[in-house]
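Me: Hi! I have a new model open and would like to talk it through with you. Could you help me get my bearings?

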Amino acid sequence: GGICRIVCRQIENAICASQAKQNGKGSPVHETRKHLKKARAALRLVRGEVERDLWKNEDRCLGKVGQMISQVRDAEVRLQTVRQLREFARGRTKGFQQTEEFLAFELDSFLAAFSEWPMEAEERLSRTVDRIRSWPWAAVRSRRLRRNVQRTYKHGRDILSDVTRKPTTRKLHSFRKRAKELSYQIRLLRPLAPDVFEELNDELKMIGDCLGQVHDLAFVAQRLSAIGPATREGDRVLHLLIESRQRELERTAIALGQRFYAERPRQFARRISRYFSEWETAKTRCASPAERAVTSLN
């Protein structure tokens with residue numbers, strides 16, 4: 001079905017991204033992981049439609065490829081984040097250069113150590129996409145899609161409730177993953193109600209962007225702490241910038257999340273159900289008499 005084509009296309013896009021050269025326009029590691037996340041989000045829309053063990057195995061395989069290159073991506077993020085912090089330093093960048101040089105050297109070391117990852121990723125993902133294509137696919141029922149979107153929404157809402165009580169880096173990262181997963185799924189369902197789903201996706205993107213920056217800043221802070229205490233003036237300025245920016249972004253993300261996840265999961269699912277019904281009604285009206293006759297027999 002359509003979901004199968006989307007999952008396979010995203011895996012194929014991940015394979016293409018893994019083979020791309022590092023050219024400064026986009027990290028092959030980042031692009032590969034991005035397509036894998038989209039593939040997994042689409043795959044989770046058909047949870048329950050395919051045999052459980054088959055589904056779990058392929059979801060796990062996609063996750064393992066992403067984990068295989070996570071250290072390289074972490075090193076990329078740390079270097080990019082320190083460079084971006086210059087915008088908030090307002091000229092107080094003395095001492096940043098040494099940190100940047102260290103993180104750049106660390107990234108180069110990871111890229112050298114994991115230089116064979118594109119070949120391994122291609123091999124694993126090619127096998128995965130072949131297995132998924134061989135699944136006994138059938139038309140995915142709209143009821144199943146609604147339930148799985150509701151599941152993703154509820155998971156994100158539950159984590160947000162926990163984050164609001166006591167925010168931690170781990171919880172905020174979990175919330176970000178669920179928000180991004182829901183965003184990918186909503187983009188797939190966009191034809192049901194383009195204007196509404198576009199707005200929902202924009203709100204989720206804002207939440208994801210804030211949480212992404214929080215996660216990146218926490219990564220840098222953690223790595224700098226491992227290097228040693230902030231003894232130079234530049235180091236102290238960097239630590240203060242990271243801390244203040246983190247708190248600001250956390251507050252914004254939580255406020256945006258509370259607004260987006262204000263509905264109860266069942267209310268959200270009923271709204272999605274209404275869009276499905278309206279879309280199916282419109283589709284039937286646009287069909288030819290012969291097509292409507294066939295539909296009524298099924």
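Predicted model: local features only at pLDDT ≥ 70, side-chain atom pairs only at ≥ 80, totals over all residues.

Me: Now contacts. Of those with a separation of 6 or more, what part comes from residues 24 or more positions apart?
Reply: That part is 79%.

Me: Let's look at helix packing. At what angle do α1 and α7 pack?
Reply: Helix α1 (residues 2-19) and helix α7 (residues 117-133) pack at about 165°, and their axes are 9 Å apart. With that angle, and with over 145 degrees counting as roughly antiparallel, α1 is therefore roughly antiparallel to α7.

Me: Which residues make the contact there?
Reply: From α1, the list includes Cys4, Val7, Cys8, Ile11 and Ile15. On the α7 side, Trp117, Pro118, Ala121, Leu125, Val129 and Ile132 are among them. Sorted by class, the contact of α1 with α7 has 12 nonpolar, 4 polar and 3 charged residues.

Me: Which hand does the crossing of α1 and α7 have?
Reply: α1 passes α7 in a left-handed crossing.

Me: Good. What about α2 and α3, how far apart are their axes?
Reply: Their axes are 10 Å apart; helix α2 (residues 28-43) packs against helix α3 (residues 52-68) at an angle of about 165°. α2 and α3 are therefore roughly antiparallel to each other. Here α2 passes α3 in a left-handed crossing.

Me: And who is in contact in that pair?
Reply: α2 brings Arg33, Leu36, Ala39, Arg40 and Leu43. The α3 residues include Trp55, Glu58, Asp59, Leu62 and Val65. By class, this contact of α2 with α3 has 6 nonpolar, 3 polar and 4 charged residues.

Me: Changing topic: I clicked on Leu79. Which helix is it in?
Reply: Leu79 belongs to helix α4 (residues 70-84).

Me: Is Leu79 buried or exposed?
Reply: Buried: the relative accessibility of Leu79 is 6%, and the cut-off for buried is under 20%.

Me: What is Leu79 in contact with, leaving aside its neighbours within four places in sequence?
Reply: Leu79 is then in contact with Glu100, Leu103, Ala104 and Leu107. Leu107 is 28 residues from Leu79 in sequence, while their C-alpha atoms are 7.8 Å apart in space.

Me: One more helix, please. Where does His215 lie?
Reply: His215 lies in helix α10 (residues 194-227). His215 is buried as well, with a relative accessible area of 14%. Setting aside neighbours within four places in sequence, His215 is in contact with His173 and Arg176.

Me: And Ala218, which helix holds that one?
Reply: Ala218 is in helix α10. Its relative accessible area is 12%, so Ala218 is buried.

Me: Which residues does Ala218 touch, if we skip those within four places in sequence?
Reply: Ala218 is in contact with Thr169 and Gln246.

Methods:
Residues numbered from 1 in each chain as written. Heavy atoms only, no water. Axes fitted to C-alpha atoms, helices over the stretch in contact; angles between N-to-C directions. Helix = DSSP H or I, 4+ residues; strand = E, 2+ residues; numbered from the N terminus. Parallel < 35°, antiparallel > 145°, perpendicular 65-115°, else oblique. Left-handed = near helix turned anticlockwise from the far one by under 90°. Contact = heavy atoms within 4.5 Å. Nonpolar A, V, L, I, M, F, W, Y, C, P; charged D, E, K, R; others polar. Buried < 20%, exposed > 50% of the residue type's maximum accessible area, 1.4 Å probe, protein only.
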